[in-house]
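I opened the model today to look up a few points about packing. My notes follow in the order I checked things.

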Amino acid sequence: MKHADYKGGMISVIMPVYNTVGYLSESIESCLKQTYGNIELIAVNDGSTDNSLQILQEYARKDSRVKVFTGLNQGVVMARKRAIENANGEYLYFLDSDDTLQSEIFSPLIKKMKETNADMVLSDLLVQNKSDINILRHSIRKNDEISYLQELLLYRFPGSLYPVLFKRQLFENIDIPIELKIGEDFLTLVQIMMKYSPKYALIDTAAHCYVQQRTGSAMNTCSPEMARQQILLSDYVERQLRINSGLYEKLQCEIAYFHMHNLFVYLSKVGKNPDRAVIRRFIDNYAEKARPYMGKGMRVKAKAIEKNNFLYRITESLLNII
C-alpha cells in the first residue's frame, strides 16, 4: 500500500499485548494500512500464553515499522512504559490489541494539531458491542482544564488514552502505580491535566473502534479484588486532584459524582459482602455533594445502601426491572 503522507512528524503507536490472538492481526493491519506513512508500531508482549507473540514477530519480519518487545506479565502500566521508553516518535497514539483504527485517521489528527498548536487532539470513538457499533462523541465545548476535567469526572466521554493523539512530552514524569489494574488511563489523563495543563483540540471524526468489554478483560471481571481496584482508583485520583487546591475546590460536585459512580461499580463487582466502612466513607464524604449530577435512580440506590446491603440489592433489582 502506498503511504503518501509523511508530513508532520513520526507517530509512535503504543500497543500492549496480552492474549488477544483472535483480534491482534486485524488491529495491527488497521495501523499499518494508514495512509499517513511516518509511523511505527511499538508492541510489547506482556507475557501472553497464546500465540500473540508469534503473530507480532511475523509482522515484524514483514514490516520494519513494527518493533516487538517481550517479557513476563507485568500488566498494562509496565507494558506501556516500556513501549514509550523505546518509541522514537514525536507523537504518541495508544491502541489496544483488540481495537482497530479507522482508515486515514492520522493525517487529520496531525493536521489539527499543527493548525491549533495543540498538545493533544481528541476524536470521536466508535464503540462495538456484540450487536452493533455506536459513535460516542466528545461533549467538551471549551478549551480549558476545568471543562476537560468536568467531562472526564462525570464520565461523559471515555477516560481512556484513545482516541487521542498526544505530544510525547506529556508523558514525561507520569507515574502510574503498578498495583492499579483498572482505570490506569483515567489516572494518566488526570495526571497530565494536573502537571501540564495541555492545550487540546477536537476533530469531528471517529478515529478508533473500541471493542466493548471483551470476555476476560479486567473491566469485565467481577470479583472482590476488582471491586477493591475500583476504590483504589478513586483514592489515587483524589490524591492527584488535591495537588491543585484551586481546581479541586471548583470541581467538588464533579469529584463527588466520580466517587459515587465508582462506589456503585464497586458494589456491582464485590458480591454479597461489601465493606461497610468503604460504603460509609463514600456516602458521608460524597453523596450530598454529588446530588446535582445524580439521577433519581442513583439517589435512591445511595439511600438504600446507606441503610443496609439487603435493601440495596432489593432496590437495585427493582430499578433494573423498571
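Which residue is the bridge partner of Leu-122 in strand 8? I looked it up and found Val-164. I note at the outset that this is a predicted model.

**Entry 1: strand 8**

I stayed with strand 8, which covers residues 164-167. Val-164 and Phe-166 point one way. Leu-165 and Lys-167 point the other way. I found all four of them buried, Lys-167 included.

Next I checked the partners. Strand 6, residues 120-128, is joined to strand 8 by 3 bridges, and the two run antiparallel. Strand 4, residues 91-94, is also antiparallel to strand 8, again with 3 bridges. On that side I see Leu-92 standing opposite Phe-166.

**Entry 2: the cores**

Phe-166 came up again when I turned to the nonpolar cores. The largest one holds 45 residues. Tyr-148, Phe-166, Phe-171 and Val-237 touch the most other members. Helix 6, residues 184-196, gives this core its largest share, 7 residues. Apart from it I found another core of 34 residues, including Val-13, Leu-32, Ala-43 and Tyr-93. I keep the general rule in mind here: in soluble globular proteins, nonpolar side chains tend to be buried together.

I then listed the contacts of Tyr-148, leaving out residues up to four places away in sequence. They are Met-120, Leu-122, Ile-140, Phe-157, Leu-189, Met-193 and Tyr-200.

**Entry 3: helix 5 against helix 6**

How do helix 5 and helix 6 cross? Helix 5 covers residues 145-153. The two axes come within 11 Å and cross at roughly 165°. An angle over 145 degrees counts as roughly antiparallel, so helix 5 is roughly antiparallel to helix 6. The crossing is left-handed. From helix 5, the contact uses Glu-145, Tyr-148, Leu-149, Leu-152 and Leu-153. From helix 6, it uses Phe-186, Leu-189, Val-190, Met-193 and Met-194.

I also listed the buried residues of helix 5: Ser-147, Tyr-148, Leu-149, Glu-151, Leu-152 and Leu-153. They pack against strand 6, helix 6, strand 9, helix 7, helix 8 and helix 9. Just after helix 5, I noted a positive phi of about 55° at Tyr-155.

**Entry 4: Ser-147**

Is Ser-147 buried or exposed? Its relative accessibility is 11%, so Ser-147 counts as buried. Beyond four places in sequence, Ser-147 touches Ile-140, Lys-142 and Tyr-200.

**Entry 5: His-208**

I moved to strand 9, residues 200-211, where His-208 sits. At 0% relative accessibility, His-208 counts as buried. His-208 and Leu-101 lie 107 residues apart in sequence, yet their C-alpha atoms are 4.6 Å apart. Leaving aside neighbours within four places, I listed the contacts of His-208. Among them are Tyr-93, Phe-94, Asp-99, Leu-101, Asp-124, Leu-126, Tyr-162 and Pro-163. Tyr-93 is in the 34-residue core noted above.

**Entry 6: helix 9 against helix 11**

Helix 9, residues 252-270, packs on helix 11, residues 296-307, at about 65°. Their axes are 12 Å apart. This crossing is left-handed. Helix 9 contributes Tyr-257, Met-260, His-261, Phe-264 and Leu-267. Helix 11 contributes Met-298, Lys-301, Ala-302 and Ile-305.

Notes: Residues are numbered from 1 along each chain as its sequence is written. This is a predicted model: local features need pLDDT of at least 70, side-chain atom pairs count only at pLDDT 80 or more; totals for chains, interfaces and linings use all residues. Side-chain values use heavy atoms; hydrogens and water are left out. Buried means under 20% relative accessible area, exposed over 50%, partly exposed in between (1.4 Å probe, protein chains only). Helices (H or I, at least four residues) and strands (E, at least two) are DSSP runs, numbered from the N terminus. Two strands pair if DSSP finds at least two bridges between them. A nonpolar core is a set of buried Ala, Val, Leu, Ile, Met, Phe, Trp, Tyr and Cys residues joined through side-chain atoms within 4.5 Å. Contact means heavy atoms within 4.5 Å. Axes are lines fitted to C-alpha atoms, for helices over the stretch in contact, and angles run from 0 to 180 degrees between N-to-C directions. Angles under 35 degrees count as roughly parallel, over 145 as roughly antiparallel, 65 to 115 as roughly perpendicular and the rest as oblique. A crossing is left-handed if the near helix is turned anticlockwise from the far one by less than a right angle, and right-handed if clockwise.
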